[in-house]
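Thanks for coming. I have one structure to go through today, and I will keep to what can be computed from its coordinates.

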Amino acid sequence: AMRAALVGYSSSEEEAEEAGRRGGGAQEPPGASAGRPRLPVPAGLPGDPEPEEAVNDDSSRHGGRVRGFPHERGSWATHVYLPCRVQEEFLELLELLVSRARTYVSSLAAMEEFHLSLSQCVVLRYHWIDPFVRSLKERLASFDRFFCVADQVKVYTNQNKTRTFIGLEVSAGHFQLLELVSEVDRVLEEFDLPTFYKDPSFHISLAWCVGDLSGRLEGQCLQELQDIVDGFEDSALLLRVQWEQIRCKSGNKYFSFPLR
């Protein structure tokens, strides 16, 4: 079975806001934040830790990740996704899964926030952001809230095999997600941007590591992780997600579109 390719990851909103407060991060002297050890956030794609206008691309600043496209001043990494608010019990399940998976790949890091992607990470020129967001808003205005069930553990790699992820694939709600993607795709086409993967595997990523370590995580490890999910108390209820809004992140800006 072909492994599903997957989309980039956004860094936390707080980090983007903080970068904004620091005046964009471009003027920050090297080592200014050295007092605070920072875990590498699996950003790399949608919205790097540094806002898009900061041009130094030092891979040591972002956990050794490699940018999926060349950086260009005035171009903004843009990503459309469903943000996922999780309950306390979800974090307990996550902890169990990550500690088991680390017996196979010790370098795995848990995600700090959760989302389901509706687009690849694309590059938008600054002056196209507002029209792009307006067009999204129009196309998404009529969508109702809906539920998904995300309960199938799967292993993913990004397209250039520089990162590996463990995610929960959607087993119910796939049809509504395809309908959303087809609207997002039409907006992307208007702006001559690449559309989403054909036949996508919709999922919520839980943990990631650098490199292609899918071979170690598939098979035995994957089976053990699925057993943990299936046996977790109230897992059926816990992994039923209601989506309330769609979000678009462009550089360090966020735009939200509520579902009805």
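First, the ground rules. This is a predicted model, in which local features need pLDDT of at least 70 and side-chain atom pairs count only at pLDDT 80 or more, while totals for chains, interfaces and linings use all residues. Residues are numbered from 1 along each chain as its sequence is written, and side-chain values use heavy atoms, with hydrogens and water left out.

The protein has seven helices and 11 strands. These are DSSP runs numbered from the N terminus: H or I with at least four residues for helices, E with at least two for strands. Of the 260 residues in the protein, 51% are buried. Buried here means under 20% relative accessible area, exposed means over 50%, and partly exposed is in between, with a 1.4 Å probe and protein chains only. For contacts, the criterion is heavy atoms within 4.5 Å. Among contacts between residues at least 6 apart in sequence, 80% join residues at least 24 apart.

Now helix H2, residues 88-101. Its 14 residues reach 20 Å from first C-alpha to last, close to the 20 Å expected at 1.5 Å a residue; the expected span is 1.5 Å times one less than the number of residues. Which residues of H2 are buried? They are Phe90, Leu93, Leu94, Leu97, Val98 and Ala101. Seen down the axis, the buried residues of H2 fall within an arc of 130°, so they line one face of the helix. That arc is taken from the directions from the helix axis to the C-beta atoms. On the other side of H2, Glu88 and Glu95 are exposed.

Next, cysteines. A disulfide would be a pair of cysteine sulfur atoms within 2.5 Å, and a search of the whole structure finds zero. Cys121 is buried at 13% relative accessible area, and Cys221 is buried at 0%.

On to the rings. There are six aromatic pairs in the structure. Rings of Phe, Tyr and Trp (its six-membered ring) pair if their centres lie within 6.5 Å; planes under 30 degrees apart count as stacked, over 60 as edge-to-face, and the rest as tilted. One of the pairs is Trp76 with Tyr126, tilted, at 5.4 Å centre to centre and 45° between the planes. This pair links distant parts of the chain, 50 residues apart: Trp76 is in strand S2 (residues 75-84), and Tyr126 is in the loop between strand S5 (122-125) and helix H3 (129-140). Trp76 is buried at 7% relative accessible area, whereas Tyr126 is partly exposed at 46%.

Phe196 and Tyr197 also form a tilted pair, with 5.2 Å between centres and 50° between planes. Both of these residues are buried. Elsewhere, ring pairs link Trp128, Phe132 and Phe191 into a cluster.

Last, the backbone. Most residues other than glycine have a negative phi. Lys161, not a glycine, has a positive phi of about 60°. Lys161 is in the loop between strand S6 (146-158) and strand S7 (163-172), and is partly exposed at 39% relative accessibility. Asp234 also has a positive phi, near 55°. Asp234 lies in the loop between helix H6 (220-231) and helix H7 (235-238), and at 52% relative accessibility counts as exposed.

That is where I will stop.
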